[in-house]
Amino acid sequence: MLDNKIKRIAVNTGGGDAPGLNAVIKAVVMAALNRGWEVLGIRDGYNGIFLPANYPKGDGLINLTYADVKDITSQGGTILGTTNRGNPMKFPMKTASGDVVEVDRSDEIIEGFRRHNIDALIAIGGDGSLTMANSFAKKGLKVIGVPKTIDNDLEKTNITFGFDTAVSFATECIDRLHTTAEAHKRIIVVEVMGRTAGWIALNSGISGSADVILIPEIPYDIQKVADHLHSIFNEDKDYAIVVVAEGAMPVGGSMSVIEHEAGKEKRLGGAGERVAHELQQLTKKEVRTAILGHLLRGGSPTTFDRLLSLRFGAAAIRGLEEGYSGVMVALNPPTVNYVPIDQIANKLKLVNVESDTVKTARDLGICFGD
Ligand code: F6P
């Protein structure tokens, strides 16, 4: 069913940046302009809707043209800016007394879309951003979501863009750390992002020939990790690489958290240091920690991520044209399809501990600390 009413759409990027965001934006803009639609980019998640003109260096809404997007496929980051503290349903506002309270500004956003004659929104983001976008769809706005996260923890899509780039870079870093670990006969603990999912740790750890991989889905016993390291030091080699997902936790313990403000997502950190400290004591070896952190979110997207992002962006526009709303584009190999956002909201895709990838790691002699 063709929807000829669309004349002007908006696009935004929400949550943590991920390689491939700009490629999605490019495909959205090109496919829309080629249909004769106008495209407005909303700056910094939804914040652009609230910003006055020319604040702080340009309007909150940017009219996107071919010139703006022609060279951005290979660029990391997002030309629109983003925020992972920008939930318009829990928008922090200062009261007259100076206290900060959370207010629901979603109706102002819908009103903003009407005021700017925006017929539809392409929302590029992770679970939080897509759930927000879905609530706008329920209030009558046409919305198509595009799933993004380096963590690869979104349901109903085979993969999210950004993940391949993050895993490729993590693998390269692990390769490099082998050199120092071997030269100094050390244990090197490598901490990678991923929140509550172990996808980055698992895939990069296997590909980078780690000796141990600790993921949130398999709580670890540090003594078992140390025993495994002793056995390889006795028989095989005198150094080791231990890959730790930031969400990894000991049996009966919890994730390492740096910061937890009420109403906000926990900031994870410290998992690698915790493991390193305990291994130093249990093995008496020299242990060093490398935290890859935000390095995994930067840089130019891999070919896989570029293509996936371009396919997602173009499919989002075709979906709007076909009359879809309240859905996200998803990779269902070999094709890209449309999945109701309701089916993925507030759910996480975690590593299946019985999967062939986990079994492969075990067959390779990699220890999960269980
Ligand atoms: O969700 C993506 C992610 O990079 C996580 O892997 C990580 O825990 C989090 O974002 C870090 O967010 P921030 O940019 O707020 O430090």
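Predicted model: local features only at pLDDT ≥ 70, side-chain atom pairs only at ≥ 80, totals over all residues.
A residue counts as buried when its relative accessible area is under 20%.

Ser309 sits in helix H10, which covers residues 303-321. Its relative accessibility is 0%, so Ser309 counts as buried. A polar atom of the Ser309 side chain lies 2.6 Å from the backbone oxygen of Asp305. Leaving out residues up to four places away in sequence, Ser309 touches Gly20, Ala23, Val24 and Phe161.

Now for a threonine in a loop. Thr78 is found between helix H3 (66-69) and strand S4 (91-94). At 17% relative accessibility, Thr78 is under the 20% cut-off and therefore counts as buried too. Its side chain makes a polar contact of 3.0 Å with the side chain of Thr13, and it also reaches the backbone nitrogen of Leu80 at 3.0 Å. With neighbours within four places in sequence set aside, Thr78 is in contact with Thr13, Leu21, Asn22 and Ile25.

Here are the polar pairs side by side:

| Side chain | Partner | Distance |
|---|---|---|
| Thr78 | Thr13 side chain | 3.0 Å |

On to a helix pair. The axes of H8 (residues 222-235) and H9 (residues 271-283) come within 10 Å and cross at roughly 55°, so the two helices are oblique to each other. The crossing is right-handed. On the H8 side, Ile222, Gln223, Val225, Ala226, Leu229 and His230 meet Val275, Glu278, Leu279, Leu282 and Thr283 of H9. Sorted by class, that contact has 7 nonpolar, 3 polar and 1 charged residues.

Key: Residues numbered from 1 in each chain as written. Heavy atoms only, no water. Axes fitted to C-alpha atoms, helices over the stretch in contact; angles between N-to-C directions. Helix = DSSP H or I, 4+ residues; strand = E, 2+ residues; numbered from the N terminus. Parallel < 35°, antiparallel > 145°, perpendicular 65-115°, else oblique. Left-handed = near helix turned anticlockwise from the far one by under 90°. Contact = heavy atoms within 4.5 Å. Nonpolar A, V, L, I, M, F, W, Y, C, P; charged D, E, K, R; others polar. Buried < 20%, exposed > 50% of the residue type's maximum accessible area, 1.4 Å probe, protein only. Polar contact = N/O pair within 3.5 Å; in protein donor to acceptor, adjacent residues only side chain to side chain.
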